[in-house]
Amino acid sequence: MESIDIVGMAAALATPWSSHSVGKVGTARVNVLRMDGDPVREEAHEGDEMLLVLDGRLELLVEGAEVTVGAGGMYRVPAGARHAVRPGSCGTLVILEESGV
């Protein structure tokens, strides 16, 4: 398998906050997206979600608590936790989430 330019892949996406599947690791899907500073409405998932910021910054509101994740940082959103993206989030984000949950 060849190496994948995740940052380049995210930069080439036509629409911010529209994730692109990179593949799977075990039962987890690996997605990449480009953040553009705009907020994203609150949501919750049945399974845990790992958020890895490759560059830039991710601003979250998780169950009412403000969370900032910088470049190189990772944050786990527990299954069922209500979370939203706050304004100011920009850069490249990799999301690992259980598939089939």
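Predicted model: local features only at pLDDT ≥ 70, side-chain atom pairs only at ≥ 80, totals over all residues.
Visitor: Why is asparagine 31 called buried?

Guide: The relative accessible area of asparagine 31 is 6%. Buried means under 20%, so asparagine 31, at 6%, is classed as buried. Asparagine 31 lies in strand E2.

Visitor: What makes the pair of asparagine 31 and glutamate 97 a polar contact?

Guide: The two side chains approach to 3.1 Å.

Visitor: Why is methionine 9 called partly exposed?

Guide: Methionine 9 has a relative accessibility of 23%. The partly exposed class lies between the buried limit of 20% and the exposed limit of 50%, so methionine 9 at 23% falls within that class. Methionine 9 is found in helix H1, residues 6-12. Setting aside neighbours within four places in sequence, methionine 9 is in contact with Ile4, His20, Val22 and Val32.

Visitor: How far apart are the C-alpha atoms of methionine 9 and valine 85?

Guide: These C-alpha atoms are separated by 21 Å, and the two residues are 76 apart along the chain.

Visitor: How do you know that strand E4 pairs with strand E7?

Guide: Pairing requires at least two bridges. E4 (residues 49-62) and E7 (residues 83-85) are joined by 3 bridges, so the two strands count as paired. They run antiparallel, and the partner of leucine 61 in E7 is alanine 84.

Visitor: Which other strands are joined to E4, and by how many bridges?

Guide: E4 has 8 bridges to E8 (residues 90-98), 6 bridges to E5 (residues 65-70) and 4 bridges to E6 (residues 74-77). E8 runs antiparallel to E4, as do E5 and E6. Leucine 51 stands opposite tyrosine 75 in E6 and has isoleucine 95 as its bridge partner in E8. Arginine 57 stands opposite glycine 70 in E5. In the hairpin of E4 and E5, with 2 residues between the strands, glutamate 63 takes a positive phi near 50 degrees.

Visitor: What makes E1 and E2 a pair?

Guide: Strands E1 (residues 20-25) and E2 (residues 28-36) share 5 bridges in the antiparallel sense. The requirement is at least two, so E1 and E2 are paired. Valine 25 has alanine 28 in E2 as its bridge partner. The hairpin formed by E1 and E2 has 2 residues between the strands, and glycine 26 in the turn has a positive phi of about 60 degrees.

Visitor: Which residues and strands line the largest pocket?

Guide: The largest pocket, with a volume of about 300 Å³, is lined by 18 residues; Trp17, Leu33, Val40, Glu43 and Ile95 lie nearest its centre. E2, E3 (40-43), E4, E7 and E8 each supply at least two lining residues. The largest share, 4 residues, comes from E4.

Visitor: How do the lining residues of the largest pocket divide by class?

Guide: The lining has 10 nonpolar, 4 polar and 4 charged residues.

How values were computed: Residues numbered from 1 in each chain as written. Heavy atoms only, no water. 1 Å grid on protein atoms, 1.4 Å probe; cavity = no way out; pocket = protein on both sides within 12 Å on 5 of 7 lines; lining within 4 Å. Points joined across faces, edges and corners; volume = space filled by probe spheres on them. Nonpolar A, V, L, I, M, F, W, Y, C, P; charged D, E, K, R; others polar. Buried < 20%, exposed > 50% of the residue type's maximum accessible area, 1.4 Å probe, protein only. Polar contact = N/O pair within 3.5 Å; in protein donor to acceptor, adjacent residues only side chain to side chain. Contact = heavy atoms within 4.5 Å.
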